[in-house]
Amino acid sequence: MVLRTVFRAVIMGPPGSGKGTVSDRITKSFGLKHLSSGDVLRANIEAKTELGLLMKSCIDQGQLVPDDVISRLILSNLRSMEQSSWLLDGFPRTVAQAESLDGVCSVDTVINLNVPFDTIKERLTSRWVHLGSGRVYNTHFNPPKVPGIDDVTGEALTQREDDTPYTVTRRLKAYEHQTQPVLEYYRSKGVLETFSGTETNKIWPHVQAFLARKIPSSSTTSGGQAAVGKA
């Protein structure tokens, strides 16, 4: 009989912290399944499931989706992955959600990406988009040839509302207010690991080394043996 060990991790970080990039590298390097709450919500809304319709109704009315609805949705997905190692992204966002997660499974580690808000604001507010094609420019590392103009069409670029300085500041403050209690919750449990820095490529090696120590070499997912230590 082969002993199967599963590893369960949560990743946290504000919008613009590089969480998506780090999550992708973790899943590819260690064979964990990636479960994004945003992807799950969108899939249920598109499929018009019972919970999807309920969430769409809340969103259309400008209301927050209740904690218990989000929890039911995510926990339902996790129950179907109980034999797999996974990385959970975007959940929990409140202590109530964290407690509901604890009621279903034990979280081995919580990875917190601590990127200065000034760095994030600079990243996000530097993004400009050509609406017709979806081409994205960044005034720092991928600027258009002519400021404010799309390289291909010569049409004007637009800054999305989510990327304006005011909106970015508001989103970051909301994130901090909402998630600080969750970080404290996991810190008190001894499973919180914070990685600080201003560049994803410099943070990643520390995350990778940490997980290489934490994840058992016998950890197995439905996709096979976890490839520990490979980039």
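Start by selecting Val110 and Leu192: Val110 stands opposite Leu192, which sits in β7. Keep in mind that this is a predicted model, where local features need pLDDT of at least 70, side-chain atom pairs count only at pLDDT 80 or more, and totals for chains, interfaces and linings use all residues. Numbering runs from 1 along each chain as its sequence is written, and side-chain values use heavy atoms, with hydrogens and water left out.

Now widen the selection to strand β4 (residues 109-114) and β7, which run parallel and are joined by 5 bridges. Strands here are DSSP runs (E, at least two residues), helices are H or I runs of at least four, both numbered from the N terminus; two strands pair if DSSP finds at least two bridges between them.

Next, show the whole open sheet: 5 strands with parallel pairing, in the order β2-β3-β1-β4-β7. At its edges are β2 (33-36) and β7, each pairing on one side only.

How many aromatic pairs does a search of the whole structure find? There are 2, where rings of Phe, Tyr and Trp (its six-membered ring) pair if their centres lie within 6.5 Å, with planes under 30 degrees apart stacked, over 60 edge-to-face and the rest tilted. Click on Tyr185 and Tyr186: an edge-to-face pair, 5.3 Å centre to centre with 80 degrees between the planes. Both tyrosines, Tyr185 and Tyr186, are buried. Back at Phe195 and Phe210, the ring centres are 5.7 Å apart and the planes at 65 degrees, so this pair is edge-to-face. Phe195 lies in strand β7 (residues 192-196) and Phe210 in helix α8 (residues 200-214), so the pair ties together parts 15 residues apart in sequence.

Conventions: Buried means under 20% relative accessible area, exposed over 50%, partly exposed in between (1.4 Å probe, protein chains only).
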